[in-house]
Amino acid sequence: MKLPLRFLVPVLAFAVLVAFFVIGLKRDPGQIPSPLIGKPAPAFALESLGDPNWIVGPADFAGRPWLLNVWGSWCVGCRQEHDALMAIAGQNRVPIMGLNLWDERERALRWLADLGNPYVSVAYDPDGRTSIDWGVYGAPETFLVDASGTVVKKHIGPITLQVWQAEFLPLLAAGAQAP
Amino acid sequence: MMRAAWLVACLALSPIAGAVDSGQRFDDPADQSRYEGLIRDLRCLVCRSESIADSNAPLAADLRREVESLMRAGKDDQEIYAFMTDRYGDFVLLQPPVAPRTWLLWAAPVLFLVGGLAAVGVVVRRRASAARADPATLDEEPDRS
């Protein structure tokens, strides 16, 4: 019975290797987990995209859940998710704030005029400083902040109604039941 | 001659290829080299395998600017790394931190080396004892009988 052991070692080593590869394949390298989950939403006070005199920020939503959607008129994924965002806004479940990243006011406003405006307000972040505080590394990204002001969810990439229903709505329902 | 000319040209151009951000940000050479060290240690999150020193992605430019302003605000290296990991997680560091959950990662090269040496040791010892017990198994030896 010397043979089995000799073959067992490489076979076991190979099995471990395969296990690592399978786990690696199932993980999406595009999804970098956010350290912000469970932490208070980073505060900011930025000029509104349409009106530099109107200062907008997370403080506007104190005491209720809201969404922060990072977008820019240069961003292809944002164009892709726009219909879904319009539908989510139409459900009137939560207000959506836009965070307009690396953009020009005129272009961004034209985008909203052409495609529809799902946002209750849009914060203007041309140099990306506020986006860094939120750990944004691309667009689109969508955050859910609960009534206590805690970030509870981050979705990276275009949001879809499926993702909305499966991952966001249950969190909203759970938040509504909490005292 | 041609070859020498090429070599000189390549050497002359190599500093340009080295980093996207070759600009002088600090007058003090010590500050400048500290700045360059920091941006080489931080990952550009959109380009994954590049540091923010090597990438010309907009995010990398923003993060370089952030490193510069944090340095000007008098933050030390640890505070700057903490600023980045608070926002982007450990993934932003090109060199993962040594923590209980990364011990296996850091120990892996040593473990593989020890495992390999142990395997070699076992095989060598087994062959030696097999040869002692039965010299005929040594088929490399020329048959002198």
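Reader: How many helices and strands are there in chain A?
Author: Chain A of this predicted model has 5 helices and 7 strands. Along the sequence they come in the pattern α-β-β-β-α-β-α-β-α-β-β-α.

Reader: And why is chain A more spread out than a compact globule?
Author: Its radius of gyration is 21 Å, while the globule rule gives 16 Å for 179 residues, so chain A counts as more spread out than a compact globule. The C-alpha trace of chain A spans about 85 × 40 × 30 Å along its principal axes.

Reader: OK, what share of chain A counts as buried?
Author: 35% of the 179 residues.

Reader: What about contacts in chain A, how many join residues at least 24 apart?
Author: 74%, taken among the contacts between residues at least 6 apart in sequence.

Reader: Switching to the sheet. What's the strand order in chain A?
Author: The order is 5-4-3-6-7, an open sheet of 5 strands with mixed pairing. Strand 5 (121–125) and strand 7 (151–156) are the edge strands, each pairing on one side only. On average, neighbouring strands are turned by 20 degrees against each other, ignoring direction.

Reader: How do strand 6 and strand 7 of chain A run, parallel or antiparallel?
Author: Antiparallel, with 5 bridges joining strand 6 (residues 141–145) to strand 7. In one of the bridges, L144(A) has K153(A) in strand 7 as its partner.

Reader: Now N69(A). Which strand is N69(A) found in?
Author: Strand 3 of chain A, which covers residues 66–71.

Reader: Last topic, the partner chain. How many residues does the contact take from chain A and from chain B?
Author: 11 residues from chain A and 13 residues from chain B. On the chain A side, the residues that touch chain B divide into 6 nonpolar, 4 polar and 1 charged.

How values were computed:
Residues numbered from 1 in each chain as written. Chains lettered and ligands numbered in written order. Predicted model: local features only at pLDDT ≥ 70, side-chain atom pairs only at ≥ 80, totals over all residues. Helix = DSSP H or I, 4+ residues; strand = E, 2+ residues; numbered from the N terminus. Rg over C-alpha atoms; globule rule 2.2 N^0.38 Å. Buried ≥ 20, exposed ≤ 12 C-beta atoms within 10 Å, placed from the backbone. Contact = placed C-beta atoms within 7 Å. Nonpolar A, V, L, I, M, F, W, Y, C, P; charged D, E, K, R; others polar. Pairing = 2+ DSSP bridges. Axes fitted to C-alpha atoms, helices over the stretch in contact; angles between N-to-C directions.
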